[in-house]
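Work through the exercises below with the sequence and the 3D structure at hand. Each task is followed by a solution in steps.

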Amino acid sequence: MRRSLRLLARPVTYTRWLHLLIPIMFAAMWMFISQQVYVLGLLVVPFGLIPAVRLEEGVQAQLLLTPGERGRPDPSIALAPSATWRDRWRTVLWLEVRLVLSWVAVAGTVWIPSLAVDMVARGLGHAPVVFGWMASWSAGWWLLPLALVPVALMPVCLVLTGNFITWVARKLLAPSAKERFTALEERTELLLERNRIAREIHDSIGHALTVAVIQAGAARAAKDPAFTDRALLAIEETGRAALEDLERVLLVLRETTLPASRRPTLLEAGRLIESARGSGAEVDAEFSGPLELVPGPVSREGYRILQEALTNVLRHSGPVPVRIRMAVLGKRLEMDVTNPLTGAAPRGKGGSGLRGMRERAALLGGEAETGAYEGEWRVRVRLPLETPV
């Protein structure tokens, strides 16, 4: 009983009923033109073969039958025009079924209650209001309790026809395999873009905050005005660079047309090195090979990997000597960043920064290895220059 009341209390029950009544309005208009109702069923065929009809029916069905799926990336009812003849004929079948169910819904929710009204009228000795043929029934009180039967059938018909038309819509208007695959590709690309933006924020802002914290701590400990001035200058430059990176990310989030060429590349690696040096680290950097010829995607991801490697050094080991070796060798870019192990904060393989470096390298078809090696912490990266990314 409670479940039945819950079904009747749902707004979707009545939006589905409205969806069922829409075709009957067109049928009523047609009956003013011709009494041959079956002709209307024949006219549905060429109408359903129009590709745009599937889109129109999908929008209407999703709005009234499955409103909870609106905005979801995987709705059970497609919102696309017919792309194949299979889609067209399924749309024709849907229109035919919808027309038939419309008559069933009217019979169950309009005619049956009218029957109850006439049964009450005859039970009280009055003439029928709707169904004239009931005038031949003998009046009697026994019709009054029988009038409760159609009253009880009406909500049952209301719920069942609504659920059935929704089930049919999910079968005949469901997305095709190609449409599902396309939607899956779009969601995958969206997730990859969000993941890339998250890495951009982590690498850029994380680096800036690490440098700022180390500089501020060193300045407070040194108690030297000249050193404090240099520390504040380094914090200012690092913060300004981080703001520029943040603005790039915000432009992407605002869906503006941001050219990839505006993101930093390995040609700007000098500012990362100077930032690390400004934090007290002794950086020995050696670059070889034509870095300017490195493809844009490789150069941009290489910059972020180097940024994360230096950030990890400052965050976990402090201002220690750092050795950077980067070379363009044939068809690959090699990068090695090493620093002494201090033992202050052992780093595992599960950190988001280390995982981010490996993911960036993997997306380019390369590899990134991190870990202890001969008493040092080493980040070893190999990126192919010929990449489809």
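**Exercise 1. State the average pLDDT of the protein and find where pLDDT stays under 50.**

Solution. The model is predicted, so local features need pLDDT of at least 70 and side-chain atom pairs count only at pLDDT 80 or more, while totals for chains, interfaces and linings use all residues. Residues are numbered from 1 along each chain as its sequence is written, and side-chain values use heavy atoms, without hydrogens and water.

Step 1: pLDDT, the predictor's confidence in each residue from 0 to 100, averages 79 over the protein, and 81% of the residues score at least 70.
Step 2: Over residues 345-350 pLDDT stays under 50. For this stretch the model has 12 contacts (heavy atoms within 4.5 Å) beyond four places in sequence.
Step 3: Where pLDDT is low, predicted coordinates should not be read in detail.

**Exercise 2. Give the strand order of the sheet and say which strands stand at the edges.**

Solution. Helices (H or I, at least four residues) and strands (E, at least two) are DSSP runs, numbered from the N terminus. Two strands pair if DSSP finds at least two bridges between them.

Step 1: The protein has 12 helices and five strands.
Step 2: The open sheet of five strands is ordered β1-β2-β3-β5-β4, and its pairing is mixed.
Step 3: β1 (283-288) and β4 (367-373) each have a single partner strand, so one side of each is left without a neighbour in the sheet.
Step 4: β2 (residues 322-329) and β3 (residues 332-340) run antiparallel and are joined by seven bridges. Ile324 stands opposite Val337 in β3.

**Exercise 3. Describe helix α11: which strands does it touch, and how many of its residues are buried?**

Solution.
Step 1: Helix α11 (residues 296-316) packs on the sheet and touches β2, β3 and β5 (376-384).
Step 2: Of the 21 residues of α11, 17 are buried, where buried means under 20% relative accessible area, exposed over 50% and partly exposed in between (1.4 Å probe, protein chains only).
Step 3: Just after α11, Gly318 takes a positive phi of about 80°.

**Exercise 4. Is Ser82 buried or exposed, and with which residues is it in contact?**

Solution.
Step 1: Ser82 lies in the loop between α4 (51-64) and α5 (85-123).
Step 2: The relative accessible area of Ser82 is 8%, so Ser82 is buried.
Step 3: Leaving aside neighbours within four places in sequence, Ser82 is in contact with Pro51, Arg54, Asp87, Arg88 and Thr91.
Step 4: In the protein, buried residues make up 43% of the 389 residues.

How values were computed. Axes are lines fitted to C-alpha atoms, for helices over the stretch in contact, and angles run from 0 to 180 degrees between N-to-C directions.
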